[in-house]
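This report describes selected parts of one protein model. Please view the sequence and the structure together while reading.

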Amino acid sequence: MRAYERLLRYVKIYTTSDEESETVPSTARQLDLAGLLVKEMKEMGVACARVDGQGYVYGEIPATPGRENAPAIGFIAHMDTAPDFSGEGVTPCVMENYDGEDITLGTSGRVVRVKDFPHLPSLKGRTLITADGNTLLGADDKAGIAEILTMAEEILRADSEKGGNLSGDKEGENVRNGEKKEPFPHGKICLAFTPDEEIGRGADAFDVPGFGAKYAYTVDGGPENEIEYENFNAAAAKVKIRGFSVHPGSSKDTMINAALVAMEFNAMLPAGDTPRDTEGYEGFYHLHGMSGDVSEACLEYIIRDHSAAMYECRLETMRHIAKLLNEKYGDGTVTLTLREQYRNMREQIESCMHLIDNAKEAARRAGLVPETVPIRGGTDGARLSFMGLPCPNLGTGGYAFHGPYEHITAEGMDAVVRELKEIVRLYAGMDA
């Protein structure tokens, strides 16, 4: 089965996470996909395939004989889809031999336009997959799951056809039809699929020791040739403003309009430091939620910067604005809550750059031109790297995640599968 065929099945399962929920996983519907994945893993011969009590799926492929001392390598993807746009009732649309032009998404009235996505002509001739315009597709990150499991299935099949010892043969025999053959060479391969990555909780209950890998990759990025080991330092900020409401006809020097104070708070941030105005390594403040009236108001931000020093400056800027407004309107008018989400994984990856070197070589072997780019976001791997599991990120072949214009190609997914297999092959030649 090709990876895209798996994707078409997975995207139909509603798995959107919920930031307001306090359960783990945040939505029980993620367990529907978890159960399906465990079933598939068991059917293909993945050892110890299981889902734990918090919705994390684990499994492993034992090392082939003679490769037991190779470092155990892991591959991780997440099951939830982003709450930014509907992930319920996804109808995938498959366009063979795509012409490289604008794409009309069903009857939704939405169009994926070349002027908005200038890479589209480069996908001409491929099999393009979108949703129908009413939902996101969910390739973020069900494409990563599909690619990892397709890689696992192909390795297990190769081992089986060559008489590998992945089904419990005694004493490491790899004999079939009287002929001794060398199976696909690999050390132990560890697989995991996590819930709630899209709401920043994907690594919260990840069992790093139980996972069993020395190194890992998340497969949760964009174009298939991208390799990422630098991400934002990230925090969430909530600004609550308490107003003082009196009759507007007699409010001189008395009223504190919480909605206007909220506007004042935002106006004191650098106007050009927004996602629309920044790129590459440039950081930003992103106002993603606001509500309020005269009596009370609330602003919700995410704060991002690749530089640890600049990240701290951004947090301090928020604190300073809160201080100034409280001095102006009275203590307790503005309450600022900052919550760190993740740090730049580069700090942890720099001591094991073989992860990046091997990924580049694997990409070349898979027919790709590797490109290392900074992540303008985060992945489970960022937090896992600080939990003792160095874990850079690989592309999935997808584009325009978190919205109705999301798209991916079957050929891009095939290339990722080849890349993953080559990573496995490269680590088989290393010593733990």
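## Basis

The model is predicted, not experimental. Local features are described where pLDDT is at least 70.

## Strand S3

Strand S3 covers residues 73-78. Six of its six residues are buried, so S3 is largely enclosed by the rest of the structure. In a regular strand, side chains alternate between the two faces of the sheet. On one side of S3 lie Ile73, Phe75 and Ala77, and on the other Gly74, Ile76 and His78; all are buried, so both faces are covered.

S3 has two parallel partners described here. With strand S10 (residues 189-194) the pairing runs over six bridges, and with strand S11 (residues 215-221) over four bridges. Within the S10 pairing, Ile76 has Ala192 as its bridge partner, and His78 stands opposite Thr194. On the S11 side, Phe75 is bridged to Tyr217.

## Strand S10

S10 is also largely enclosed by the rest of the structure, because six of its six residues are buried. Ile189, Leu191 and Phe193 point one way from the strand, while Cys190, Ala192 and Thr194 point the other way. Both of these sets are buried.

Besides its parallel pairing with S3, S10 pairs with strand S2 (residues 57-61) in the antiparallel sense over five bridges. In that pairing, Gly59 has Leu191 as its bridge partner.

## Helix H6

Helix H6 spans residues 308-329 and contains 22 residues. The distance from its first C-alpha to its last is 32 Å, close to the 32 Å expected at 1.5 Å a residue. At the start of the helix, a side-chain oxygen of Ser307 comes to within 3.3 Å of the backbone nitrogen of Ala309. After the helix comes Gly330, which has a positive phi, near 115°.

Which residues of H6 are buried? They are Tyr311, Arg314, Leu315, Met318, Ile321, Ala322, Leu325 and Asn326. These residues lie on the same side of H6, because they cover an arc of only 135° around the axis. An α-helix has 3.6 residues a turn, so residues three or four places apart point the same way. On the face turned away from the buried side, H6 carries the exposed residues Ala309, Glu327 and Lys328.

## Cysteines

The count of disulfides is zero, with a cut-off of 2.5 Å between cysteine sulfur atoms. For Cys352, the closest cysteine sulfur is that of Cys391, 10 Å away, which is too far for a bond. Cys391 is likewise in no disulfide, and its nearest cysteine sulfur is that of Cys352.

Are Cys352 and Cys391 buried or exposed? The limit for a buried residue is under 20% relative accessible area. Cys352 has 6% relative accessibility and therefore counts as buried. Cys391, with a relative accessible area of 0%, is buried too.

Methods:
Residues numbered from 1 in each chain as written. Predicted model: local features only at pLDDT ≥ 70, side-chain atom pairs only at ≥ 80, totals over all residues. Heavy atoms only, no water. Expected span 1.5 Å × (residues − 1). Buried < 20%, exposed > 50% of the residue type's maximum accessible area, 1.4 Å probe, protein only. Arc of directions from axis to C-beta. Polar contact = N/O pair within 3.5 Å; in protein donor to acceptor, adjacent residues only side chain to side chain. Pairing = 2+ DSSP bridges.
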